[in-house]
Protein chains: 2
Amino acid sequence: MICLTRGTDAEAMRTMTVIGTGMMGTSIALALRAKGVQVYLRDVDPAVAASAAALGAGTVEIPTEVVDIAVIAVPPSQIADVLADCQAKGIARVYTDVGSVKAAPLAAAEAIGCDLTNYVGGHPMAGRERSGPTAASPSLFLDRVWVLTPLACTKAHAIDAVTELVRLAGAKPSVMAPADHDRAVARSSHVPHLVASVLAASMENADDTVLRLCGAGIRDATRIAAGDAALWTDILSMNATAVSKVLSEIAADLSAAAHALAADPNELAGVLRKGNAGRALLTGQANDSW
Amino acid sequence: MICLTRGTDAEAMRTMTVIGTGMMGTSIALALRAKGVQVYLRDVDPAVAASAAALGAGTVEIPTEVVDIAVIAVPPSQIADVLADCQAKGIARVYTDVGSVKAAPLAAAEAIGCDLTNYVGGHPMAGRERSGPTAASPSLFLDRVWVLTPLACTKAHAIDAVTELVRLAGAKPSVMAPADHDRAVARSSHVPHLVASVLAASMENADDTVLRLCGAGIRDATRIAAGDAALWTDILSMNATAVSKVLSEIAADLSAAAHALAADPNELAGVLRKGNAGRALLTGQANDSW
């Protein structure tokens with residue numbers, strides 16, 4: 001990963017349109033409004049955009065000029081279509097998105113003829129399990145890694161503009177190849193989400209005795225299972241290959257552990273010690289709160 | 001589960017011996033010391049008992065009389081042998097333990113001829129991932145459920161004494177059959193621990209890119225994986241049958257989810273919605289911090 005520096009000759013960002021004013025889009029809008037950027041808000045549901053505007057995230061008025069940047073904050077499967085639509089209308093000089101999956105939306109955008117020279121894929125490594133504009137926070141991105149996935153054909157002014165957006169939000173830009181990003185988040189985020197969901201789902205039919213004996217251990221282990229089911233279906237489906245690969249490893253490791261339970265305490269101890277070691281890596285090196 | 005009330009004719013607890021002064025044993029000692037009980041501390045490692053004594057948990061002196069109650073706070077596989085030894089020496093009028101598994105230690109105790117009339121199995125639903133006396137806290141049990149597993153042959157004075165111990169520690173006694181307890185904690189605690197361990201273990205060989213993209217999501221999901229590997233090997237091995245049954249369900253659910261990833265978004269959405277529902281049950285009804 002490379003940290004980007006912005007050319008001194010670039011003009012400062014003045015105007016931005018956010019398309020999709022859920023938790024993530026509204027958080028970006030709030031963060032950039034606080035830096036003096038004029039923010040225009042759009043959502044497929046006008047009431048949601050109005051709710052974001054009421055929170056001080058910007059205006060639902062239609063911009064009278066081409067904006068400096070458009071941030072596409074919609075589920076991964078919709079990014080390509082929204083990008084194509086925005087580019088057809090020429091609403092912005094530069095485009096980015098905040099999807100949790102990068103390769104599949106990019107391939108879709110290429111397939112339908114989007115202009116990839118003024119588009120830079122992005123993914124802020126920040127989030128929360130609550131959704132909608134009322135869950136937004138302008139400080140969501142402070143000191144977080146924000147992955148950018150420019151291509152060889154991406155123009156310098158587009159990279160500069162997106163890098164400035166990231167810095168204005170208080171985050172740290174990191175360049176990665178789309179496939180590398182997808183492979184990494186499959187392990188760091190997507191598989192843990194699915195595992196937490198399956199663990200939480202197993203509680204649905206548990207009797208009162210089981211629930212009475214549940215505590216902070218399983219509650220922490222399943223916190224992320226509260227995430228928006230429709231959005232996560234979209235994310236996981238769009239990164240199916242990478243997620244499936246890691247999930248197969250986890251499933252095999254669980255099967256081995258199940259076998260070791262009664263048959264081989266030494267092997268079981270080995271799994272738990274590896275868990276200790278992996279956990280130590282996470283607490284030593286991970287980011288703070290997403 | 002039944003809440004126990006103590007007979008008015010019972011005498012108040014005055015003396016207690018704690019055998020095994022790790023985090024759990026020392027926490028009980030500290031809690032009962034604060035209620036004026038004379039506490040004697042024993043550990044297979046005298047330095048650990050001395051460390052607990054230095055924290056104000058009691059004394060390492062040998063009691064000069066039979067104590068009111070002995071609390072056996074050792075790993076589940078050692079409970080029966082320690083109980084037999086203590087009963088052979090007649091160190092206490094009543095015996096209890098704090099093991100996370102109840103049926104197998106009880107069967108072992110019966111098999112080696114322990115007196116089950118003055119012994120009541122126990123399991124405080126409280127804990128932390130750190131171990132040793134320095135991790136102990138007298139407030140660990142406040143308002144927590146403390147499972148007790150008396151048998152038909154258990155004498156009333158033994159149940160009274162253990163119930164008083166639980167109340168003095170600030171916890172809520174709940175009577176369950178040993179097998180019911182083991183089946184419930186397999187789902188509420190043991191399987192989540194193993195799943196968190198396998199998830200954390202998968203980080204051990206992850207590259208820097210993956211670790212850089214890890215955040216609070218996977219950190220919360222793996223917190224309990226930091227637990228003592230030797231103790232948890234013992235716990236899981238002693239509850240192998242119940243844990244294996246639930247683990248097989250989880251593994252099957254993960255396999256189904258893996259299949260649904262690319263093949264059936266509706267099924268995937270169903271898993272995630274069930275996860276939302278199970279998570280809501282946990283946050284609505286679970287206890288606070290173990």
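## Basis of the description

Residues are numbered from 1 along each chain as its sequence is written, while chains are lettered from A and ligands numbered from 1 in the order in which they are written. Because the model is predicted, local features need pLDDT of at least 70 and side-chain atom pairs count only at pLDDT 80 or more, whereas totals for chains, interfaces and linings use all residues.

## Relation of the two copies

Chain A can be laid on chain B with an RMSD of 0.0 Å by a turn of 180° and a shift of 0.0 Å along the axis, when the copies are superposed by least squares on the C-alpha atoms of residues with pLDDT of at least 70 in both. The two copies are thus related as by a two-fold rotation axis. In chain A, the C-alpha nearest this axis belongs to A:Ala221, at 1.9 Å from it.

## The contact between the chains

The contact draws 83 residues from chain A and 83 residues from chain B, where two residues are in contact if their C-beta atoms, placed from the backbone, lie within 7 Å. Several helices of chain A each supply at least two residues to the side that touches chain B, among them H6 (178-201), H10 (240-263) and H11 (265-285); helices here are DSSP runs (H or I) of at least four residues and strands are runs (E) of at least two, both numbered from the N terminus.

By class, this side of chain A has 49 nonpolar, 21 polar and 13 charged residues, with Ala, Val, Leu, Ile, Met, Phe, Trp, Tyr, Cys and Pro counted as nonpolar, Asp, Glu, Lys and Arg as charged, and the others, Gly among them, as polar. The same surface serves both copies, since 100% of the contact residues of chain A recur in chain B.

## A helix pair in chain B

In the contact between helices H3 and H4 of chain B, B:Ile79, B:Ala80 and B:Leu83 in H3(B) meet B:Pro105, B:Ala108 and B:Ala109 in H4(B). The residues of this contact divide into six nonpolar, no polar and no charged.

## A buried residue in chain B

B:Ile69 lies in strand S3 (residues 67-72) of chain B. B:Ile69 is buried, with 24 other C-beta atoms within 10 Å (buried means 20 or more such atoms, exposed 12 or fewer, and partly exposed in between, with C-beta atoms placed from the backbone). Leaving aside neighbours within four places in sequence, B:Ile69 is in contact with residues including B:Met13, B:Val94 and B:Leu165.
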